[in-house]
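Subject: A structure for you to explore

Hello,

I am passing along a structure that I hope you will enjoy looking through. Please open it first, and then read my notes beside it.

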Amino acid sequence: MTPPISRGFRRRHAADAEQADRVPPGQYVVTDFPVLSAGPTPRTPLEEWSLEISGEIDAPRRWTWEEFRALPTETFATDIHCVTKWSKLGTSWTGVSVDTLLDGVETEAEFVLGVCDGGYDTNLPLDDVTGGKAWIAFDFDGVPLEPQHGGPARLLVPHLYFWKSAKWIRQLVLMKDDQPGFWESNGYHNYGDPWREQRYWGD
Amino acid sequence: MSSATGATEAPGPRGAATWRSAELVERRGETPNASTLTFDVSGWPGHHAGQHLDVRLTAEDGYQAQRSYSIASAPEDGRVALTVERFEEGEVSPYLVDEMQPGDVLELRGPIGGWFVWHIADGGPLLLVAGGSGVVPLRAMLRHRHANASHVPARLLVSARRAEDLLYSAELAELAEADDGFELLATLTREAPAGWTGFTRRIDREMLEEVAWSPRELARTFVCGPTAFVEAAADALVGLGHDPALIKTERFGPTGGSET
């Protein structure tokens with residue numbers, strides 16, 4: 001079906017050809033860094049912070065902040081896409097690859113639930129957080145990630161809509177079966193591929 | 001705060017996924033920078049107060065743009081209304097606020113979101129805190145409350161720069177005069193007219209302590225506005241002892257240069 005024309009509406013900003021291939025359907029590029037969160041920003045002191053891998057794993061793993069920060073890190077640039085329509089190109093992050101955290105782990109899990117301070121959670125296929133596709137990020141643009149953007153550390157899975165990149169991450173629960181997380185239970189798509197515009201239930 | 005506990009049921013798959021043609025019935029200037037647009041939407045499935053929707057505009061050359069907006073109307077209002085604030089450098093908001101005329105069409109899909117919603121059956125007390133156009137989804141909640149003759153105690157604290165920037169000021173004052181348990185409080189952060197009896201500063205802990213119920217009352221709390229506003233209000237409420245799990249927030253852009 002041809003969409004109806006909105007009389008008098010027109011493009012106001014010339015398309016940037018170089019950006020065009022990097023912006024998924026229905027998205028627009030921003031230069032600032034909007035914040036979306038469902039509740040107040042949690043502030044866990046670093047001395048109380050830990051990161052755990054639990055669930056379908058013989059010996060759960062746990063790192064204090066100091067131990068976590070002693071792990072090998074990667075610094076990289078990536079584009080991020082929020083389901084509320086903004087995309088931010090070439091953002092710079094430093095973090096620990098989830099591959100590093102899972103190194104040597106034998107598991108029958110096919111899914112992972114990221115669980116956060118403040119009660120937020122989000123579900124992903126294990127394949128989407130392994131193979132160099134996901135990090136626990138703690139620096140943005142070379143400085144420690146601000147609490148409102150998920151500091152001290154957030155999951156970063158840039159190839160999916162940004163709600164999957166859970167702020168204030170504390171735990172990765174390995175699971176045999178999928179289990180919808182917070183937004184996935186509240187009307188948003190279970191997988192969230194921006195290139196297939198999987199925003200909501202039924203997309 | 002487990003994931004979906006307490007959330008009103010989210011829309012079914014078909015509700016959100018389908019683009020629907022919407023015809024503008026009325027565009028009314030609310031403030032110098034914002035208009036309320038009322039649409040006839042064929043097959044609109046209904047919504048809950050606090051939900052939002054997606055708008056899609058198509059230009060004659062086929063160019064399309066999408067944005068998300070909070071729904072300003074109550075479920076009981078029949079038609080779907082949006083209140084949109086103009087961002088001068090924006091592409092969509094100047095068209096909606098200034099150019100779109102009755103009879104013109106766009107596409108909508110939704111409603112979206114099962115978290116930032118309130119239904120009279122959820123009870124109260126209901127504490128609403130709004131910065132600027134953050135009042136839009138909260139107005140939908142208050143209209144929903146009023147349409148059902150609910151007496152759930154409700155308070156709205158709204159912050160704007162100047163009196164002329166206060167959205168829905170006449171309507172909200174009228175709701176407050178109904179004396180049915182709704183109280184309206186406002187603060188003006190830049191300039192207040194002579195005779196102004198409200199607050200005259202940015203929202204802070206002392207103001208929220210004065211306005212909010214005791215944390216023991218377990219008020220259902222909704223905070224909506226620009227990021228810095230929501231951060232300040234939500235942090236202050238948590239600092240005053242309110243349960244973070246009862247505070248639902250919605251932040252919107254643009255965030256300005258200081259937010260990165």
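A word to start with: a residue is called buried if 20 or more other C-beta atoms lie within 10 Å of its own, exposed if 12 or fewer do, and partly exposed in between, with the C-beta atoms placed from the backbone. Helices (H or I, at least four residues) and strands (E, at least two) are DSSP runs, numbered from the N terminus. What you have is a predicted model, where local features need pLDDT of at least 70 and side-chain atom pairs count only at pLDDT 80 or more, while totals for chains, interfaces and linings use all residues. Residues are numbered from 1 along each chain as its sequence is written, and chains are lettered from A and ligands numbered from 1 in the order in which they are written.

**Chain B as a whole**

Chain B contains 6 helices and 11 strands. Of its 260 residues, 49% count as buried. The C-alpha trace of chain B spans about 55 × 40 × 40 Å along its principal axes. A compact globule of 260 residues would have a radius of gyration near 18 Å, and the 18 Å of chain B agrees with that. (This radius is taken over C-alpha atoms, and the globule rule is 2.2 Å times the number of residues to the power 0.38.)

Next come contacts: two residues are in contact if their C-beta atoms, placed from the backbone, lie within 7 Å. Among the contacts in chain B with a separation of 6 or more, 72% are between residues 24 or more positions apart.

Two strands pair if DSSP finds at least two bridges between them. In chain B, 5 strands form an open sheet with parallel pairing, in the order S9-S8-S7-S10-S11. Its edge strands are S9 (182-191) and S11 of chain B, each of which pairs on one side only. From one strand to the next, the twist averages 10°. For angles, axes are lines fitted to C-alpha atoms (for helices over the stretch in contact), and values run from 0 to 180 degrees between N-to-C directions.

Within this sheet, S7(B) (residues 126-131) and S10(B) (residues 220-226) run parallel and are joined by 5 bridges. Leu127(B) has Thr221(B) in S10(B) as its bridge partner. Helix H3 (residues 135-147) of chain B packs on the sheet, touching S7, S8 (154-162), S9, S10 and S11 of chain B, and its direction makes about 145° with that of S8(B). Helix H4 (residues 169-177) of chain B packs on the sheet too, touching S8 and S9 of chain B, with its direction at about 145° to that of S9(B).

How many residues of H3(B) are buried? It is 11 of its 13, so to speak a mostly covered helix. Among them are Val135(B), Leu138(B), Met141(B) and Arg143(B). H3(B) reaches 18 Å from its first C-alpha to its last, close to the 18 Å expected at 1.5 Å a residue; the expected span is 1.5 Å times one less than the number of residues. After H3(B) comes Ala149(B), whose phi is positive, near 50°.

**Around strand S3 of chain B**

S3(B) is mostly covered, with 5 of its 7 residues buried. S3(B) pairs with S4(B) in the antiparallel sense over 7 bridges, and Asp54(B) stands opposite Ser68(B) in S4(B). These two strands, S3(B) and S4(B), form a hairpin with 5 residues between them, and Gly62(B) in the turn has a positive phi of about 95°. S3(B) also pairs with S6(B), antiparallel over 4 bridges; there Arg56(B) stands opposite Glu107(B).

**Where the chains meet**

Here 51 residues of chain B are in contact with 38 residues of chain A. On the side of chain B that touches chain A, the largest share, 5 residues, comes from H6(B). The residues of that side divide into 23 nonpolar, 15 polar and 13 charged. (Ala, Val, Leu, Ile, Met, Phe, Trp, Tyr, Cys and Pro count as nonpolar, Asp, Glu, Lys and Arg as charged, and the others, Gly among them, as polar.)

Enjoy exploring!
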